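I opened my notebook for a first walk through a new structure. Here is what I looked up, entry by entry.

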Amino acid sequence: MIKINRRNFLRVSGASLCAPSLALSNVNQDNTTEIEKEISENIRHNVSSFRALNWKPYFKTLKRGAILVDISSRALHFWSSDEQTYRLFPSSVPMSDDLIKTGRTKVTKKVEGPSWRPTPAMKIRNPEWPDFIGPGPENPLGTHALYLSWTYFRIHGTHDTRKIGRRSSNGCIGLYNQHIAELFEMTEVGTQVLII
């Protein structure tokens with residue numbers, strides 16, 4: 001048993017601070033998660049994602065509520081139709097610019113325990129992927145999914161929490177499972193969505 005004194009505390013604390021950076025060095029072995037580069041003039045930490053926004057510059061009304069997804073800050077904002085609820089969630093975003101779709105859409109369907117099928121483009125890029133995964137802990141859509149009016153685009157949970165806050169998806173917007181469950185309860189079919 002290690003005796004806890006100031007010296008041992010500092011040694012253990014220092015080692016634990018290094019652990020996340022060591023873990024991150026292995027994250028991209030399967031090419032599914034972005035590895036952040038060193039900070040420079042072109043690379044910055046993602047601090048803007050936790051900045052609260054007002055809905056008025058983005059939506060004419062809050063009828064049926066509103067969701068704003070900001071790709072650059074990797075954040076999802078939600079406003080309820082009565083303006084009483086505002087939520088801000090960190091999100092994953094598409095891993096490359098060619099997978100990003102921006103503009104206005106809406107929630108067309110809500111599914112708890114969704115099934116997953118790769119899109120035709122995903123199968124071309126990853127032919128080894130399965131053709132179908134049912135609901136459960138290995139499902140890439142997590143516990144809940146909000147289907148949008150755009151084919152193949154969803155706001156959904158994820159079983160791989162490393163992806164949140166990163167460019168890591170094949171086109172969808174991912175949230176922690178507990179966050180998508182909260183958003184799922186607050187949204188309705190018809191909720192307007194803007195991705196910028």
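**Overall order.** Reading along the sequence, I noted the pattern α-β-β-β-β-β-α-β-β-β-β-α-β. That gives three helices and 10 strands in the protein. Helices (H or I, at least four residues) and strands (E, at least two) are DSSP runs, numbered from the N terminus.

**Ground rules.** This is a predicted model, in which local features need pLDDT of at least 70 and side-chain atom pairs count only at pLDDT 80 or more, while totals for chains, interfaces and linings use all residues. Residues are numbered from 1 along each chain as its sequence is written, and side-chain values use heavy atoms, with hydrogens and water left out.

**Burial and contacts overall.** I found that 39% of the 196 residues count as buried. Buried means under 20% relative accessible area, exposed over 50%, and partly exposed in between (1.4 Å probe, protein chains only). I also looked at contacts between residues at least 6 apart in sequence: 64% of them join residues at least 24 apart. Contact here means heavy atoms within 4.5 Å.

**The sheet.** In what order do the strands of the open sheet lie? I read β3-β2-β1-β10-β5-β6-β7-β9, eight strands with mixed pairing. The edge strands are β3 and β9 (173-176), each pairing on one side only. Neighbouring strands of this sheet are turned by 25° against each other on average, direction ignored. For such angles, axes are lines fitted to C-alpha atoms, for helices over the stretch in contact, and angles run from 0 to 180 degrees between N-to-C directions. Two strands pair if DSSP finds at least two bridges between them. As a reminder to myself, strands of a sheet pair through backbone hydrogen bonds, either parallel or antiparallel.

I followed β2 (residues 75-79) next, and five of its five residues are buried. A75, H77 and W79 lie on one side, L76 and F78 on the other, and both faces are covered.

On one side, β1 (residues 66-70) runs antiparallel to β2, joined by five bridges, and V69 stands opposite L76. These two strands form a hairpin with four residues between them, and R74 in the turn has a positive phi of about 55°.

Strand β3 (residues 86-90) is also antiparallel to β2 and joined to it by five bridges; W79 has Y86 as its bridge partner there. This second hairpin has six residues between its strands, with E83 in the turn at a positive phi of about 65°.

**Another pair.** Strands β5 (residues 103-112) and β6 (residues 144-148) pair in the antiparallel sense over five bridges. V111 has A145 in β6 as its bridge partner.

**Helix α3 on the sheet.** Helix α3 (residues 177-186) packs on the sheet and touches β1, β2, β3, β5, β6, β7 and β9. Its direction makes about 105° with that of β9. L183 sits in this helix. Is L183 buried or exposed? L183 counts as buried because its relative accessibility is 0%. Beyond four places away in sequence, L183 touches I67, L76, F78, F89, L146, I155 and L175. L183 and H77 are 106 residues apart in sequence, yet 9.9 Å apart in space, C-alpha to C-alpha.

**H156.** This residue is in strand β7 (residues 154-158). H156 has 9% relative accessibility, so it counts as buried. Leaving aside neighbours within four places in sequence, its contacts include P140, H144, C172 and I180.

I noted a volume of about 800 Å³ for the largest pocket. Of its 36 lining residues, W116, M122, W129, P140 and N170 are the closest to its centre. The elements giving two or more residues to this lining are α2 (120-125), β7 and β8 (167-169), and β7 gives the largest share, three residues.

For both terms, a 1 Å grid is laid over the protein atoms alone: a cavity is a set of points where a 1.4 Å probe fits but cannot get out, and a pocket is an open set with protein on both sides within 12 Å along at least five of seven lines; lining residues have an atom within 4 Å of a point. Grid points are joined across faces, edges and corners, and a volume is the space filled by probe spheres set on the points.
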